[in-house]
Amino acid sequence: SNPAPVGSEVSVNNMTFTLLEAVRPADEIVAEGNMFNPTPEEGSEYVLVRLSIRCDRGPDATCRPAVFEFSIVDSGGLVHDPSIMTSGVPGLLEFDEMFGGATKTGGLIFEVPEDDAGLVLIYEPLLSTTKTYLVIP
């Protein structure tokens, strides 16, 4: 009910997340990435969410965010997982291990209802009941 606005830093699970921007529709970006990428279903569009993730642990400790820990909830309350069937799109987040102090920036692609103005990005760490919510413009 009170998601963090775009550009604000949200800290959870020893990481700080910043939602930098959302590109929508991102259908053309996905299509240009690979001619075999699926087109969105009727009434849907792709959104490309760009994030910055910083590992807030000490220099000898690591963080490892995972793609399946992210989702989007639409204004109707339906949850959408990242589109993992798309390839070739430049600048997507790479979910590798990162040491304390490191920052990575990149995008995630979701298929969402067209023109839905109530999208919220959710980060839910594995084996945790904590959820973090960020507004998608």
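In β9, I122 is the bridge partner of S71. The model described here is predicted. Strands β5 and β9 pair in the antiparallel sense, over 4 bridges.

The side chains of β9 were examined next. In a regular strand, side chains alternate between the two faces of the sheet. Both faces of β9 are covered. V120 and I122 are buried on one side. L121 and Y123 are buried on the other.

Aromatic contacts were then considered. A pair of aromatic rings is described by the distance of the centres and the angle of the planes. The structure holds 4 aromatic pairs. In one of them, the ring centres of F70 and F95 lie 6.1 Å apart. Their planes meet at 45°, so this pair counts as tilted.

The relative accessible area of F70 is 1%, under the 20% cut-off, so F70 is buried. F95 has a relative accessible area of 17%, which is also under 20%, and therefore F95 is buried as well.

F70 has a further ring partner, Y123. The centres of F70 and Y123 are 5.0 Å apart, and the angle between the planes is 45°. This pair is tilted. The F70–Y123 pair, too, links distant parts of the chain. F70 is in β5 and Y123 is in β9, residues 120–123, and the two are 53 residues apart. Y123 is buried, as is F70. Ring pairs link F17, F70, F95 and Y123 into a cluster.

A nonpolar patch was found on the surface, formed by F68, L126 and L127. Together these residues have about 420 Å² of accessible area. F68 sits in the loop between β4 (62–63) and β5. Its relative accessibility is 56%, over the 50% cut-off, so F68 counts as exposed. F70, by contrast, is buried at 1%.

Definitions and conventions:
Residues are numbered from 1 along each chain as its sequence is written. This is a predicted model: local features need pLDDT of at least 70, side-chain atom pairs count only at pLDDT 80 or more; totals for chains, interfaces and linings use all residues. Side-chain values use heavy atoms; hydrogens and water are left out. Rings of Phe, Tyr and Trp (its six-membered ring) pair if their centres lie within 6.5 Å; planes under 30 degrees apart count as stacked, over 60 as edge-to-face and the rest as tilted. Buried means under 20% relative accessible area, exposed over 50%, partly exposed in between (1.4 Å probe, protein chains only). Two strands pair if DSSP finds at least two bridges between them. Patches are made of residues with over 30% relative accessible area and no salt bridge: like charges are joined within 9 Å, nonpolar side chains (Val, Leu, Ile, Met, Phe, Trp, Tyr) within 5 Å. Accessible areas come from the Shrake-Rupley method with a 1.4 Å probe; for residues, only the protein chains shown count as cover. A salt bridge is a side-chain nitrogen of Lys or Arg within 4 Å of a carboxyl oxygen of Asp or Glu.
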